[in-house]
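Please look through the model below with the numbered points of this note beside you.

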Amino acid sequence: MSDTLIDVTVDAGQSEGTAAVMQQWLKQLGETVAANEPIAEIETDKVVVELAAPTAGTLQEILIEAGQSVDPGQVVARLATGITPVATDSPAPANETPAAAAAPSAARKLSPAVRRLVREHGIDVAKLTGSGRNGRITARDVEAFVASSAAAAVPAEEPRQPTTQAPAPAPATDEGADSYHVPHDPMRRRIASHMVESLLNTAPHVTSVFEVDMSAVVAHRAATKADFERQGVPLTYTAYFVMACVRALQAVPQVNARFHEESIEIFRDLNIGVGTALEDKGLIVPVIHEAQSMSLLGIARELNRLTSAARQGELSPAQVRGGTFTLSNHGVSGSLLAAPIVINQPQVAILGVGKMEKRVFVTEVDGRDVIGTRPMCYVTLSVDHRALDAFLTNRFLTVVSETLSGWQ
């Protein structure tokens, strides 16, 4: 009886409706796979996700090569199901070192991003020490191991010998200056495309700026931080801004929306995305789902869980999907003001939070002006002017400001 061919398709939910890139195949043609065993990795502008075999079989056809774009629902491979494979007998991928193949239990604990680094550098997983939660190996652990290994391999510098050979000319650019190129990875290409589409082709951006007195929040955090830490939850200022967004979105629901040509779609749940920088790797936006149902403690706990997973390359597709509003706390890296912050399509607004610093402040006491200093920061709301006008924009920022300055 001839083998039955089963299509392997990209789940529409894995890329949230956007195109993705086939990063690499974990199995080669002719290899046997078990049901639900990862056979490839797909990278979007948000996460790296594994593509699992829908059934046991043999990898018969590969229709998309590494580096090519894939679309939701696209058939990328076919499995032959005539022979039932034994997963433990599957040979290691050709680009995996014998040492890594000999440590399957360790490899199964690695995130897709970490597994990719391990394969690229041919590292024995057993030599790595994890700094993540419960000893989990993170991308930083791998990079630190590679850096230390490279440093140890550099020989002592030999005394320089005179030479009459002319030095090789340095590579030159059109401007005549020395430079080098760093190819864009799929995440950077997707971010670039998303930003251009949002700013230039989709939404007319308008930005409003408010200044917020953070004295009450600073005092509350100082009194509460230790209690949160005893519960294993770090209390950051970002958690306060998320809570302030919840109050403002409840007061101005039109900001928690999506613009359509014939209507504005207002969402009942407040799914707030928080921009998280991955150092020089780009930006990702994990989502706090149903933030309206959470206390400050709950928001702080979920925020810590998501940002930690983001920086370790361990976010699942579900954790970056379904956002209805986004917060960008660019002040954590020292920025006072950023405008416009590009809207995370298909949302209609994004809140920017600048660096908190002490500023001279004039207030009235017993009918007299008094000059003092207070911790202040700028907040901005960039909006899609098709959906929101100045009144609703400023009403939203007023609620954010009043919530923070009058924190109880």
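Leaving aside neighbours within four places in sequence, which residues is Thr 238 in contact with?

1. Thr 238 and its surroundings. Leaving aside its neighbours within four places in sequence, Thr 238 is in contact with Val 274, Leu 303, Leu 327 and Asn 329, where contact means heavy atoms within 4.5 Å. Thr 238 has its place in helix H7; helices (H or I, at least four residues) and strands (E, at least two) are DSSP runs, numbered from the N terminus. Thr 238 counts as buried because its relative accessibility is 12%, and the term buried means under 20% relative accessible area, with exposed meaning over 50% and partly exposed lying in between (1.4 Å probe, protein chains only).

2. What kind of model this is. This is a predicted model, in which local features need pLDDT of at least 70 and side-chain atom pairs count only at pLDDT 80 or more, while totals for chains, interfaces and linings use all residues. Residues are numbered from 1 along each chain as its sequence is written, and side-chain values use heavy atoms, with hydrogens and water left out.

3. The chain as a whole. The secondary structure comes to 9 helices and 19 strands, and of the 408 residues of the chain, 40% count as buried.

4. H7 against H8. Helix H7 (residues 237-251) packs with helix H8 (residues 296-311) at an angle of about 120°, and their axes are 9 Å apart; axes are lines fitted to C-alpha atoms, for helices over the stretch in contact, and angles run from 0 to 180 degrees between N-to-C directions. H7 and H8 are therefore oblique to each other, given that angles under 35 degrees count as roughly parallel, over 145 as roughly antiparallel, 65 to 115 as roughly perpendicular and the rest as oblique. H7 passes H8 in a right-handed crossing, a crossing being left-handed if the near helix is turned anticlockwise from the far one by less than a right angle, and right-handed if clockwise. On the H7 side, Thr 238, Ala 239, Tyr 240, Val 242 and Met 243 meet Leu 296, Ile 299, Ala 300 and Leu 303 of H8. The residues of this contact of H7 with H8 divide into 8 nonpolar, 1 polar and no charged, where Ala, Val, Leu, Ile, Met, Phe, Trp, Tyr, Cys and Pro count as nonpolar, Asp, Glu, Lys and Arg as charged, and the others, Gly among them, as polar.

5. H7 against H9. The axes of H7 and H9 come within 8 Å and cross at roughly 135°, which makes H7 oblique to H9. The crossing of H7 and H9 is right-handed. The residues of H7 in this contact include Tyr 240, Phe 241, Cys 245 and Arg 247, and those of H9 include Phe 396, Val 399 and Thr 403. In the contact of H7 with H9 the residues divide into 11 nonpolar, 1 polar and 1 charged.

6. Thr 393 in H9. Thr 393 is found in helix H9 (residues 390-405) and is buried, with a relative accessible area of 5%. Not counting residues up to four places away in sequence, Thr 393 touches Ser 208, Leu 381, Val 383 and Leu 388.

7. Val 255. This residue, Val 255, is found in the loop between H7 and strand E10 (257-259), and at 0% relative accessibility Val 255 counts as buried. Although Val 255 and Leu 392 are 137 residues apart along the chain, their C-alpha atoms are separated by 8.0 Å.

8. Backbone points to check. Most residues other than glycine have a negative phi, and most peptide bonds are trans. Asn 36, in the loop between strand E3 (32-33) and strand E4 (38-43), has a positive phi of about 70° although it is not a glycine, and Asn 36 is exposed, with a relative accessible area of 61%. The peptide bond from Ala 339 to Pro 340 is cis, with omega near -10°, and the bond from Gln 345 to Pro 346 is cis, with omega near 10°.
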